[in-house]
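Subject: Structure handover

Hello,

Here is the structure I said I would pass on. My notes on what was found in it follow below.

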Amino acid sequence: MKLIEGAPIAELVYRECLVSFEELKAAGFLPGLAVVLVGDDPASKAYVASKDRKCRELGMHSVKIEKPENSTQEELLAVIDELNADEAIHGILVQMPLPRHLDEEEIIRRIDPGKDVDGLHPVNLGKLAMDDSSGFAPCTPSGCQRMLIESGIDTVGKHVVIVGRSLLVGKSLALLMMGKGKGANATVTVAHSRTKDLPSLTRQADILVAAIGIPRFIGPEHVKDGAVVIDVGINRIDDANSRGGTRLVGDVDFDRVAGKCEAITPVPGGVGRMTIAMLMANTIRACRQKAGL
Ligand code: NDP
C-alpha cells in the first residue's frame with residue numbers, strides 16, 4: 001500500500017508558485033489575496049489564519065477582512081465591490097459557511113469571476129463544465145486531481161466513484177475527472193445520500209473518493225482490493241487519549257481500509273494540505289492573467 005501524502009505534493013505546487021512569483025515581480029506585479037471571514041467560528045478562523053500565513057510565507061500580499069456575525073448582506077456585498085475594484089487584489093475568497101441570515105449564492109455571484117480563486121462563481125463552474133482551462137477550478141477538487149497526477153496514478157478510462165455531490169467538492173471533482181485534461185478522462189459515478197446499495201457501487205471503483213462529512217463512514221465493505229482511495233473528509237471527533245480531547249479523522253476508516261488499497265490518502269496530512277496550495281496557485285494564475293503573462 002502506498003501512502004499519498006499531501007505535504008510533498010503541496011510543496012511542489014509552492015515551488016511552482018515561487019517561480020511564477022519571480023516572473024510576476026520582474027513584470028512589476030505582486031499577487032494579492034483577500035480572505036473575508038464573517039463571524040467567530042473557530043474552524044473558519046483557523047482556516048483563514050493558515051491561508052494568511054501561507055500567503056505571507058510566499059511573499060504575497062495578503063488581506064484578511066473580519067466582519068462581525070451580525071453583518072448584513074449589503075455590508076458584505078459592499079466589501080466584495082471594494083475588493084473587486086482593488087488593483088492590489090487578484091484573488092478573493094469568502095470563507096464558507098456564512099451565517100445563516102446571509103445569501104451565500106448572491107455573495108459568490110458578486111465576486112469578479114477573474115478574482116474568484118475559490119472557483120465557485122457560475123462563470124468558473126461553467127468553464128469547468130466546458131473544459132475551458134482559463135477558469136478557476138475549486139481548490140479541493142483540483143488538489144485531489146493533482147495528487148493523482150503526482151502519484152503517477154493513471155485515470156484514463158478508470159472508474160472513479162465519488163461519494164458526495166456538493167459543489168465545493170463532489171460535483172466539481174466529477175466535472176474535473178470526466179474532463180479531457182491531464183489526470184482526467186475517467187468514467188465517473190457520483191453517489192450521495194439517496195444512492196441505493198452504496199457498497200456495491202463503490203466496490204466497482206478503481207479510484208474511490210470520499211467527500212461525505214461522516215467520520216470513518218467508508219469501511220472495507222465499500223472498497224475493492226487494489227483500489228486507490230482519496231479521503232477528502234475532515235471530521236473532528238472526541239478522543240480522550242489525544243491532546244485537547246479531540247482529533248481529526250477522515251470519511252474513510254483508514255485502519256480497516258488501508259490494507260486493501262493500492263494507494264490511500266491519510267487524514268490529517270492528505271487532501272487538506274492541497275487545498276491551500278491550490279488556492280495560492282489560483283491566486284498567482286489570476287495575477288498572471290491580469291499581467292497578461
Ligand atoms: P456537504 O455536507 O456539502 O456534502 C456531503 C455530501 O455527502 C452530500 O452530497 C451528501 O448527500 C453526501 N452524503 C451524506 N451522507 C451520505 C450517506 N450516508 N451516503 C452517501 N452520501 C452521503 O460536505 P462537503 O462536500 O463540503 O464536505 C465533505 C467532507 O469534506 C467534509 O468532511 C468536509 O469537512 C471535508 N472537506 C475537506 C476539505 C479539505 O480541504 N480537505 C475542503 C472541503 C470539505 P446529499 O447531497 O444527498 O445530502
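Gly6, Ile9, Leu12, Val13 and Glu16 in helix H1 meet Arg146, Met147 and Glu150 in helix H6, where contact means heavy atoms within 4.5 Å. The residues of this contact divide into 4 nonpolar, 1 polar and 3 charged. In that count, Ala, Val, Leu, Ile, Met, Phe, Trp, Tyr, Cys and Pro are nonpolar, Asp, Glu, Lys and Arg are charged, and the others, Gly among them, are polar. This is a predicted model, so local features need pLDDT of at least 70 and side-chain atom pairs count only at pLDDT 80 or more, while totals for chains, interfaces and linings use all residues. Residues are numbered from 1 along each chain as its sequence is written, and side-chain values use heavy atoms, with hydrogens and water left out.

H1 covers residues 6-26 and H6 covers residues 139-150; their axes come within 10 Å and cross at roughly 100°. Axes are lines fitted to C-alpha atoms, for helices over the stretch in contact, and angles run from 0 to 180 degrees between N-to-C directions. The two helices, H1 and H6, are therefore roughly perpendicular to each other (angles under 35 degrees count as roughly parallel, over 145 as roughly antiparallel, 65 to 115 as roughly perpendicular and the rest as oblique). Helices (H or I, at least four residues) and strands (E, at least two) are DSSP runs, numbered from the N terminus.

Strand S2 (residues 32-38) is joined to S4 by 4 bridges, and Val36 stands opposite Val94 in S4.

How many disulfides does the structure hold? The count is 0, a disulfide being a pair of cysteine sulfur atoms within 2.5 Å. The closest cysteine sulfur to that of Cys17 is in Cys55, 9.8 Å away, which is too far for a bond. For Cys139 the closest is in Cys17, at 11 Å, again too far for a bond. Cys17 is buried at 5% relative accessibility, and Cys139 is buried at 4% (buried means under 20% relative accessible area, exposed over 50%, partly exposed in between, with a 1.4 Å probe and protein chains only).

Last, some backbone details:

- Met96 and Pro97 are joined by a cis peptide bond with omega of about 0°; Pro97 is in the loop between S4 and helix H4 (104-110).
- Val267 and Pro268 are also joined by a cis peptide bond, with omega of about -5°; Pro268 is in the loop between S11 (261-264) and H10.
- Asn185 is not a glycine, yet has a positive phi of about 55°; this partly exposed residue has a relative accessible area of 33%.

Regards

Note on methods
Two strands pair if DSSP finds at least two bridges between them.
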